[in-house]
Amino acid sequence: MIPTLADTATTIQSQLEGWELSESWAMFLAAVIHVALVAGFFGLPAGIFIWSERKISGRIQDRLGPTRVGGKFGWLQALADGGKLIQKEDLVPADADGPLFRLAPYVVVVSSLAALMFLPFSDGWIAVSLDIGLYLMLAVMSLEVIGVILAGYASGSKWALFGGMREAAQMVSYEIPMSICVVIPVITAGSLNLNEIAAMQSGWAANWILFNDPFTFAAFFIYFVCATASCKRAPFDLAEAESELVAGFLTEYSGFRWSLFFLAEYASMFAVCGIAVLLFLGGWHTGIPGLDTLLDGPRYASDSFVFGWLANLLGFTVFFVKASLLVCVQIWIRWTLPRLRIDQVMMTCLKYLVPISCVLFLGAVVWPLVTLSFTGHTTWGSPTGNRAAPTMRLESHGNSSTPTKITPLAASHSSEDSDQ
Amino acid sequence: MTEQTLFWIFAILAGGGAIGVVILQDIVRMAFSLIISLGSTAGLFFLLGADFVAATQLLVYVGGTLVLLIFGVMLTASGPFRRIRMSTGETLLGAAVGLLFFSVIAFTVLSVNWQAVPSYREVAGSPSKQTGNTSRAIGLRLVGIPADSTIGLHGGRGSNTGYLLPFEIVSVHLLVVLVGAAYLARAKRRESTDAEPEDA
């Protein structure tokens, strides 16, 4: 079996127990190591994306962007920003509800940090692997808005309150089409486990759920719009519309607490883009079977932990590049499109995105039945990889095992595939 | 040991949050305290290995409290941080209802012989060994396959009808409520033409 991070946890734990630590201490230390890894991953993309946002927005506006901090390209700009923000005074306005005002940034950070625990970064790299990983991840990410509303309310300022209420209205409405669009790849793949959904899309890029049928293709774009809105990124950044609301719910915040909101925003941008990559764009697969085998090679070169780690690192690189490209698209959209009005935001969601996503959902449900009557299997083309035969237990690696067929229709067809 | 520690942390947070809902006077702080209480209950479900119930607890209850929070903010918008004051009669009545409910629950808990009840580990397997398969059992039960049987072993649909039909009926009922709410809350214009469809 391929070791997952959960398995590694038990090995780290057993390793620590081997060093004559008691069981609870070993479990505690293993948990600390995992939390530190996820927390590191909470900060790392934020640093990269803050730099790239500055650089990309500069280029879009015909500027150079940061050029001085840390060499020619301003690599260290994000660190310099962080240093500046930490030095600022931590203000709590006199009218504010003190405890809630101080707590609100942490609610936002905790929810977007906890969401990363259910995101598989590579085949074996996931902090908590669950059957309902996607469901849980969306549930945790939806809690982020509580922090924003608390921040808006507790600031004791009208601008902040308006910003918080706008965010609440926007979040509650955009979650509906977003969830429906997430369900479409789930019914296509037949699993809520992000690991299984990604493993199902091995082989050529035509195997990606994005190209499974026209409905999933459209669902990806609807999902991406809703995901951009759920991260309150422009053109949906009504909660912090600086031309009308000073800075919305962020008006009264400064220094470290203010930067926590932005760290969480970049982390959740990465999280929603990561979900998009896993659900639609093949996860950690490159879309070229030969290259995938090559990248996955170290896993089979040796039983050593290091080789499996190397294969995971390569898979992680593919995943990270894909997700980062999507984040760059979000940045590109932000600096290209003007901000919508609040009524336009609500109308876009309720009058267009919800009906479109409902139609796409129905279409995606009917599609396998239509293709089944024409081609004999549930996809339009001749599927390769795992999709050729739905397997009971997805064994994506190695040609040794014959997959267990569960649907008789697929079984009758895939017999000719396995002969090749 | 670790599990015990975590249990106590979550239990204290859940209980403390519940007490906070009663004691605090600012409606938004009360809502936040309710979020802490419900979120800790989700944590307790996770400790018991019931991932699906925990996730639903987060999505439905904690998310539902969010709407409460929004209404709290909207209703208290007339004056900042408005306090909720209760009369002595209301306090007494609330305390009486609370005590009655507590005694019912306490009586039920104390009347169970907990030594005889098998641990959840024996029922569902240790959560550290299995990677969250508890939702599969719920899903299979929904369509009428008991968790402890292999697929098709007992065969037929005779006694195992599942909960799919009740589930769908409840869903349709909720949809009807939604449509009705939208109908009642819609902007009422052109009242003269509105009267006609009622006869039709």
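Mentor: In this predicted model, a residue is called buried if 20 or more other C-beta atoms lie within 10 Å of its own, exposed if 12 or fewer do, and partly exposed in between.

Trainee: With that definition in hand, what percentage of the 200 residues in chain B is buried?
Mentor: Chain B is built from eight helices and has zero strands, following the pattern α-α-α-α-α-α-α-α along its sequence. Of the contacts in chain B between residues at least 6 apart in sequence, 49% join residues at least 24 apart. Out of the 200 residues of chain B, the buried fraction is 20%.

Trainee: And what percentage of the 420 residues of chain A counts as buried?
Mentor: Chain A has 16 helices and zero strands. Contacts in chain A between residues at least 6 apart in sequence join residues at least 24 apart in 74% of cases. Among the 420 residues of chain A, the share that counts as buried is 49%.

Trainee: Which helix of chain B has the lowest mean pLDDT among the elements of that chain?
Mentor: The average pLDDT of chain B is 75, and 68% of its residues score at least 70. Over residues 124-131 of chain B the pLDDT is below 50, although this stretch has eight contacts in the model beyond near neighbours in sequence. Residues 194-200 of chain B also stay under 50, and for them the model has zero contacts beyond four places in sequence. Among the elements of chain B, the highest mean, 90, belongs to helix α4 (residues 88-111), whereas the lowest, 49, belongs to helix α8 (residues 191-199).

Trainee: What ipTM does the predictor give the complex?
Mentor: Two scores from the predictor describe the complex as a whole. The pTM is 0.78, and the ipTM is 0.74.

Trainee: Which residue of chain B does A:L150 touch, not counting residues up to four places away in sequence?
Mentor: Leaving aside residues up to four places away in sequence, A:L150 touches A:L100, A:L103, A:A104 and A:V107 in chain A, and in chain B it touches B:F32.

Trainee: Are α3(A) and α11(A) parallel, perpendicular or oblique to each other?
Mentor: The pair meets through A:G82, A:L85 and A:I86 in α3(A) and A:G255, A:F256, A:W258 and A:S259 in α11(A). Their axes come within 6 Å and cross at roughly 140°. Angles over 145 degrees count as roughly antiparallel and 65 to 115 as roughly perpendicular, and the two helices are therefore oblique.

Trainee: How many of the 17 residues of α9(A) are buried?
Mentor: Helix α9 covers residues 214-230 of chain A and reaches 24 Å from its first C-alpha to its last, close to the 24 Å expected at 1.5 Å a residue. The helix is largely enclosed by the rest of the structure, because the number of its 17 residues that are buried is 13.

Trainee: Is A:D62 buried or exposed?
Mentor: A:D62 also has a positive phi, near 65°, in a residue other than glycine, and lies in the loop between α2 (23-60) and α3 (77-87) of chain A. With 6 other C-beta atoms within 10 Å, A:D62 is exposed.

Trainee: What distance separates the C-alpha atoms of A:G70 and A:A80?
Mentor: A:G70 is found in the loop between α2 and α3 of chain A, and is partly exposed, with 14 other C-beta atoms within 10 Å. Not counting residues up to four places away in sequence, A:G70 touches A:W75 and A:L76. A:G70 and A:A80 are ten residues apart along the chain, and their C-alpha atoms are separated by 9.3 Å.

Trainee: What distance separates the C-alpha atoms of B:I138 and B:V28?
Mentor: B:I138 is found in helix α6 (residues 134-142) of chain B and is partly exposed, with 17 other C-beta atoms within 10 Å. B:I138 and B:V28 lie 110 residues apart along the chain, and their C-alpha atoms are separated by 35 Å.

Notes:
Residues numbered from 1 in each chain as written. Chains lettered and ligands numbered in written order. Predicted model: local features only at pLDDT ≥ 70, side-chain atom pairs only at ≥ 80, totals over all residues. Helix = DSSP H or I, 4+ residues; strand = E, 2+ residues; numbered from the N terminus. Expected span 1.5 Å × (residues − 1). Contact = placed C-beta atoms within 7 Å. pLDDT = per-residue confidence, 0-100. Axes fitted to C-alpha atoms, helices over the stretch in contact; angles between N-to-C directions. Parallel < 35°, antiparallel > 145°, perpendicular 65-115°, else oblique.
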